[in-house]
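Subject: Handing over the structure

Hi,

Here is the structure I promised to pass on. Have a look at it first, and then read on for what turned up when I went through it.

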Amino acid sequence: MNQSNVCFLDLPDEILLIVLKKLHNMDVLYSLFDINNQRLQMIVKEKTFTNTLTFVLATITDDILSVDDSIVDRFCINILPKIDYNIKSLILESQSMERILLAANYPNLTELKLYNVNDHIVSRHFTVESPFRHIFQEQITDLILVYSRARHILSNNPSEINVYEYTLNVFKNLKHLSVIQCGQLLSIKNLAFTTWSSLNLTKLCIDVFCFDDCFALLDGRLKQLNTFIVRIYYINDELSSVYNMDDLPNMKCFSLRCRCETNQYDTRVLPLLRRMIKLKELTLNIINDERTTLIDGSQINNKILVHMPCLREFIFHISTEVELHHITHHLSNEDIQQTFTNIGYQQVSCILYYMVDSVMCHIFSLPFAFDYLGYIGVEDEDKFFSTQERQSIVLHLLYSIRINEDHILNGIKFKIDQSLIQRGLEKNLIRQIIPLHNKEQLNHLRDIWVWPKNVLKPQPIEDIRQYFGVKIALYFCWLSFYTKALCLPAIYGIYIWYHTGQSQELDDKLFVINAFLNIIWATGFLIFWRRRQAELAYEWNTLDMEQLEETRTTYKGELRRSPVTDKYEPYYPEWKRLLFRCFVTIPMLIINLLLVSFCIVFIIRLQSWIDRQLKAGRLPPLMSLTELFPKVLLALVTTIFDDVYKYVSRWLTDRENYREQRTHDNQIIAKMFACACVNSYLGVFYIAFFTHKYIRLSDQLITIFVIKQFWDHIKEAIIPYIVSNTRLSFLIQLSKKEHTRYTERKDLNDELKRILDQWNTSKQTKLVDDILIDSSFNPRDTIPSFETLSLSQAEIECLQPKWPDLYEDYLELVIQFGYIIFLSTLFPLAAFFSLINNILEIRTDAFKLCMIYQRPFSQRVKDIGHWQKIMEYMIVAAIIVNCIFCSIRGVFRRLVPRLPFAAEIFLLICIEHLLVLFCKIIRSSIENVPYWVRVEKAKMEYRRREALKKLECDALHLKETHCHVNED
C-alpha cells in the first residue's frame, strides 16, 4: 500500500474505535459529531462516548470551572438533543447546569454530579417547581453534591436553608447520596422517625453534627443502607434519645472520622461497630482521651476484629492520650508495633510520645490515608520543619506537577507527564521561582552574624543551616576552618619576615624552612578538614547521601520517556555535547587564555621598559609618574578578564547542557579555575621566573593582598547593596506617586458621583455634560486601592539580584590558598594578610546573603565537591614550584657551594618526589572519617540489617500462616 494515500477514514471501524477511545470522549463528540460522514457518526454515537459527559475542568489548584461557553453552546444546540437517550451520567458545574439540563430530555439519565453548589442553587432548583423536577424525582438515583470552598464553614443553624431536606424532598429515588464540603451539618437527633427515611438509599456520604445523628441514621430509617461514610464533629457523652440498637447485617462498608477528642470510644464507638456483623470494609479515624490504657494491636483484635469475621480491609488512625500514672511500665514504639505483628498486621506504624504528665500514642495503617496526623510530640508546630525544609518540600511538590494531557499554550507544546514548572521556566512562561525570606529569622541572623559587632564571634552554623541549607552552611564551616588554620602560617610567616635580610645564609635557611612548613601545613589542613567535613555530614545526615538528582530547570532536549522514572524528560545526546566541547568550548578557552596571557606579559614588559628608561634618564622628570601606568593597567586588565572568563565559563557550561546539577557545577568549576590560574598567577610567576625582580614581585603581591582584596569586598557587597537599594527606593517613590495620583482621581470621581446624583433628581443635563467634558472622566477607569500600588514582600524580593551560587566565593579563596603555598616563600606575610581578609570575608559573604540577594533554595551536599581535589593537586604543584624557586634563587648552590649543576637538578627532583611521597603517606595514614563516626555508621548498618532480617522473618511467618489456613 502506498503510505502517502492512506486516509484516517480508510481504517476499519474496529481500529477507528480503538484510536478514538484513546481520546477524551468530550473532544471526540465536539470535533466529530455532525460532520458529513455517516460511518463516523455511527461510531461517535457509541455508548463509550455518550454514556458519561463531563462539562467541568479542574485547575492546578483543584478549583472546578465550567468548560468554555462556546463548547457548552455547541453541545446544547447540536449534540445533546441527538444523543440524550444514551446519556446516563452528567458531571456539571452549577452555573451551567440549567442550560445543559434544558437542552434535552435525558430519558436514561440516572447519575448527576454537581460542582460548586451553594444555597441559591439548592433553593432554586431542588423544588417541585423546578423545570427539572421530572428528572430529579423519577430518574436520578446517584447524586453527588460538591459545595464551593467559600461555603465550607461549619454550621448547624436551623434558620439556614436545609440542604438535606430540600434534597430528599425532591430526589425520591436516590440510591446514592454524597454531600461534600457542605458547611451545614446534618442534625436529625430530635426529628421524627419518618424524617430522613428512605427505602432505596444504599450509599450515604455525609457530615453530621454529633454522634446522636449517626445513631439516628442507623436506627432503621435507612433500611437498605450498606455503605455509610460519615464525619462527626462532636461525640456527646450521653445519647439524647433511645435508638434502635439492632444489628446492621446490610452494612458492608463503614467509615467514621471524628476530629474532636472524645472519651466515648468504649461506650459509643465500639458498640456501634459490633452491630455491623457482616462488615467488609472499615475506616476509623478517632482521637481518644481520658483513657487508662493505650489502644494497641491486642485491643484492636479483641474489641473489633473478632466481631467482624467478614472484614477484608481496615484503614485506621487512632490516637490515644493516657496519663502517666496509669502506665505500669515504660512502653516503646517497638512494643506497640509488636502487638500488631502478633495478630498478623504488618502494614501498621505507630508514634509514641512521652510528655510531662501523659503519653500520646498514634497507631495508623500504611499507607497513611488521612489528611491530619494530630499531635506527634512537637510543642510548636511552626518549628516542626525549619523554613528551609518547608521551602524544599514546596519546591519538590512544584516540580512534581505533571501535564496530564498534551496541550499547546501560547504556541508552546506541553506533553503528557512533562514537568509543568520545568517547561514553563525553560520557555520563560515562568520568570523565576524563589523562596521568600522569613523576616523574624532573617533579622535574628543579622543581629548575631552580619553586623560588625560579631566580627570576632563564632558563626551560628546551626542557624545558618536551618535557614539557608546544608550547602551554604558547609561553605561557612569551611571558610571558618580555613581562617582558623591560617593562624599558624601567619605566625611563622611574621617571624620569618622579621628575620629576613639579616644575612644571605639565614635567608636561604628560612626560605627552605618556610617552603617545607607551608607544604606540611597545607597537607594537614586538608586532612583535618576532611575529618571535620565527615563529622558535619554525619550530623546533618548527608554522609552517605546517594540520591537521584532532579533534572536541571534549564536542561533542554528532545522529550523522551526516562528509563528510570518512566516519565517524559528532556534528552540531549552525548555526541552533541562532545562536538560542542571540541569545536567551541576548548577553542574559546584557549583564545581567552592566550589573550589574557599576551596582555599580562605585554604590560609587564612595558613596565620593565619604562623602568629602564627612567633609570637611564631618557624620560623627563615629569614623566616619572608613567611608571604607575602599567601597574594601573595590569590591575584594570586582570579585573576585566576576571569578569569576562566567569561569564564565558557559565555560558559555555550552559550550552554544553548537562542534566545533573552536580556535573554542571563541576564543569563550571573546572573552567573557572583554569582561567583564574592564568589570570591570577601568570603575572607573578613571569616576574619570579623570568625577570627575577623580587622587589617588584613584593610590590605586586602587596597590591594583590591589600588593594585587590579590599576592592573585591567593595565590588561584591557595597556596590550591589547601593545599586539594589537605589533601584528599590526609586520603585517605592514611583509607587507613592501612583498612589497620590489615583487618590486625586478617586476624590474627583466621588465629586462627580455626587453631581450625577443631583442630576438624576433635577435633570440638569447641560451642567453635567460640561463637567464631564472638563474633567475628562472615563467611567471605565478603575481606582486601584493603595494595597495594589504598594510593593509586597514578594515583589520587593523579586527585584533583588539572584544569588549567584558559591562558585566565585570558593574560587576567590582557593586562589588565595594558592598564593600562600606557591609564593609565601617570596612574600612571608601572605598568610597574615589572608587571615585579615578572611575575617572580613566571613561577614562580607554573610552581608551578601542577608542584605542583598534573594533567598536561595536549600541544597543538601556531603562535601565541598571538586574544590577539595583541586587544593590537593595544588599542593603537588606547590612542591614543584618551590623546588624550582630554590634552584632559580641559588639556594642549594649557596648551601652546598661545590655541588654540580646536574647534581643540583637531580637533588631537586629527588626532594620533590620525596615530599610528594611524604604528603601521600600522611594522607593515607590518617583516616578521612573519624573513629566515632565510623562506629556510629556501623551501629546504624547493624540496626538496619537486623530490622531487615526481622521483616523478612515476619513476612515468611505470615506466608506460612496463610498457607496453613488455606490447607485447612
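How many cavities of 30 Å³ or more does a search of the whole structure find? The search finds two. Before I get to them, please keep in mind that this is a predicted model.

**The cavities**

The largest cavity has a volume of about 50 Å³. Its lining is made up of 10 residues, and Arg259, Asn285, Ile287, His317 and Tyr372 are the ones that lie nearest its centre. The elements giving two or more residues to that lining are β10 (253-262), β11 (281-291) and β12 (313-323). Sorted by class, the lining of the largest cavity holds four nonpolar, five polar and one charged residues.

The second largest cavity holds about 30 Å³ of space. Around this cavity you will find Thr639, Asp642, Lys708, Trp711, Asp712 and Lys715. Here the elements that supply two or more residues are α22 (628-656) and α24 (694-762). The largest share comes from α24, with four residues. As for class, the second largest cavity has one nonpolar, one polar and four charged residues in its lining.

By class, the lining of the second largest pocket divides into 16 nonpolar, five polar and six charged residues.

**The chain as a whole**

What does the protein chain have in the way of helices and strands? You can count 33 helices and 18 strands. The protein chain has 968 residues, and 43% of them count as buried. If you take the contacts with a separation of 6 or more, 73% of them are between residues 24 or more positions apart. The protein chain exposes about 52,500 Å², and carbon and sulfur atoms supply 59% of that area.

**The annotated transmembrane regions**

The UniProt record, an unreviewed entry, places the feature "transmembrane region" at residues 472-498, 510-529, 578-604, 628-648, 668-689, 813-836, 870-892 and 898-918. I picked out two of these stretches. Over residues 668-689 the chain is 100% helix and 0% strand, with the end C-alpha atoms 30 Å apart. Over residues 813-836 the chain is 75% helix and 0% strand, and there the end C-alpha atoms are 13 Å apart.

**Backbone details**

Which peptide bond is cis, with omega near -5 degrees? That is the bond from leucine 366 to proline 367. Proline 367 sits in the loop between β14 (358-365) and α14 (387-399).

Next, some positive phi values. Tyrosine 106 has a phi of about 55 degrees, although it is not a glycine. This tyrosine 106 is found in the loop between α6 (94-101) and β5 (111-117). Is tyrosine 106 buried or exposed? Tyrosine 106 is buried, because its relative accessible area is 0%, and the cut-off for buried is under 20%.

Asparagine 116 is another residue other than glycine with a positive phi, near 55 degrees. Asparagine 116 lies in strand β5. With a relative accessible area of 18%, asparagine 116 also falls under the 20% cut-off and so counts as buried.

Just after α17, glycine 469 takes a positive phi of about 105 degrees. In helix α17 itself (residues 461-468), the buried residues include Ile461, Ile464, Arg465, Tyr467 and Phe468.

**One last pair**

Arginine 662 has its place in helix α23 (residues 661-691).

Methods:
Residues numbered from 1 in each chain as written. Predicted model: local features only at pLDDT ≥ 70, side-chain atom pairs only at ≥ 80, totals over all residues. Heavy atoms only, no water. Buried < 20%, exposed > 50% of the residue type's maximum accessible area, 1.4 Å probe, protein only. 1 Å grid on protein atoms, 1.4 Å probe; cavity = no way out; pocket = protein on both sides within 12 Å on 5 of 7 lines; lining within 4 Å. Points joined across faces, edges and corners; volume = space filled by probe spheres on them. Nonpolar A, V, L, I, M, F, W, Y, C, P; charged D, E, K, R; others polar. UniProt positions renumbered as here; feature names shortened; annotations may be inferred. Contact = heavy atoms within 4.5 Å. Areas by Shrake-Rupley, 256 points an atom, 1.4 Å probe, with all protein chains shown as cover.
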